[in-house]
Amino acid sequence: MTRRIFIRGLGSYLPEKVLTNSELEKMVDTSDEWIVTRTGIRERHIAAADQATSDLAAEAAKLALADASLDAKDMDAIFVATVTPDMPFPSTACFVQQKIGAGNCPCVGVEVGCSGIVYMLELASGLLERGPYKNILIIAADKLSAVTDWTDRSTCVILADGAAAMVLSTEEKGVRAEYLGGFIAANGAGAELLCQPGGGSRNPATEKSVAERLHFLKMNGKEVFKHAVKDMAFAVDMALRRCGIGPDDIAHFVPHQANMRIIEAIAEYVHIPLERFVAVLQRTGNTSSASLAIAMDMARREGRFKRGELLMPVAFGAGLTSSAAVLRWNG
Ligand code: ACO
């Protein structure tokens, strides 16, 4: 018999420092008006210089563990999704394991851009369904400010830092939600539309690679925008089909928080009223892998979700990856 998978705890962390649009106006040739009308973003959080991705991840993990009333030592595995690891290796999950005081459980890195949370739900569920795993901590964390080119106005106005975590469990005890299924995919043909070209084995760090600014995030915004809308709409459809339900059954869509115009376009594409989409990017910017789980945590704290309602996280990211999941909210 397949075991049921629950989200037993949820937590999110945003660094203290807030960077406003008016501060960005002093850094690059942009305006609050352009950023708000083209993206919806008003402010974002930026990590301190001495905070690495694992520090953000550990903060979110501690909150999710407290929410689940479980100890780090109860975790049978730790997954961390990030595109800004502390170091190219070892896995950021290993640093988090130490920081939160978990046992010597397996630690897994997941490199799927902003689709991190939904990918981890699907991957960790496979382990939980099979056993002997009972509790798995999944964490999405990114310090995008570390790979942001602060002279590139087309990217620096949208990128931000943050982390979110969920405790997945096979035990139905004080659970926040049940994971009912999902869909994950990738289209490698678009891999170079959104990438960090320098620092890997293709372009190892050299004086030239640094001078050419290859260690910063590069994005073809227009092309990524088009893929984001089409691929997220497809992921929504596939996840609904897999769960045998229709769009009207979903009370709240919780999309990747990249750009308000992308969220509006998906709503139109799939014929779902915008009011059913959770959007917090005005306050958070694009925090990559963590973004939709931060949105989910903020929305539940505001009392937006009711017991028994169906939620659909839906994401898109570097890869180009896309993903959607169906959750039943429990409270
Ligand atoms: N301020 C002022 N003007 C700007 C800015 C800025 N910050 N950025 C670009 N412009 C200008 C451009 O130079 C261009 O001027 P031109 O017409 O004179 O050439 C004009 O504004 C329009 O530029 P576009 O690139 O067409 O702007 P667009 O409306 O596409 O918005 C954006 C750019 C916000 C990046 C958008 O394309 C986008 O959101 N793309 C998708 C982002 C995304 O979802 N990424 C995936 C996840 S990110 C991750 O995984 C880490």
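Biologist: Happy to start with a pair: are Arg300 and Asp297 buried or exposed?

Modeller: Both Arg300 and Asp297 are buried, a label for residues under 20% relative accessible area, with exposed meaning over 50% and partly exposed in between (1.4 Å probe, protein chains only). Before we go on, this is a predicted model, where local features need pLDDT of at least 70 and side-chain atom pairs count only at pLDDT 80 or more, while totals for chains, interfaces and linings use all residues. Residues are numbered from 1 along each chain as its sequence is written, and side-chain values use heavy atoms, leaving out hydrogens and water.

Biologist: What makes Arg300 and Asp297 a salt bridge?

Modeller: The rule asks for a side-chain nitrogen of Lys or Arg within 4 Å of a carboxyl oxygen of Asp or Glu. For Arg300 and Asp297 the N to O distance is 2.8 Å, so the pair qualifies. The two sit three residues apart in helix 11 (residues 291–301), about one turn of the helix. Helices here are DSSP runs of H or I with at least four residues, strands are runs of E with at least two, and both are numbered from the N terminus. An α-helix has 3.6 residues a turn, so residues three or four places apart point the same way.

Biologist: Which residues are joined with Asp297 and Arg300 into one network?

Modeller: Salt bridges that share partners join Asp67, Arg176, Asp297, Arg300 and Arg301. One of the pairs is Arg176 with Asp67, whose closest N and O atoms are 2.7 Å apart. That pair links distant parts of the chain: Asp67 is in helix 3 (residues 53–68), and Arg176 is in the loop between strand 7 (161–169) and strand 8 (177–186), 109 residues away.

Biologist: Why is Arg176 called buried?

Modeller: Its relative accessibility is 18%, so Arg176 counts as buried under the 20% limit.

Biologist: And why does Lys17 count as partly exposed?

Modeller: Lys17 has 44% relative accessibility, so the partly exposed label applies. Its salt-bridge partner Glu23, with closest N and O atoms 3.9 Å apart, is also partly exposed, at 28%.

Biologist: How do you know that the span of helix 5 agrees with what it should be?

Modeller: The expected span is 1.5 Å times one less than the number of residues. For the 15 residues of helix 5 (residues 116–130) that gives 21 Å, and the end C-alpha atoms are 21 Å apart, so the two agree. Helix 5 is followed by Gly131, with a positive phi near 75°.
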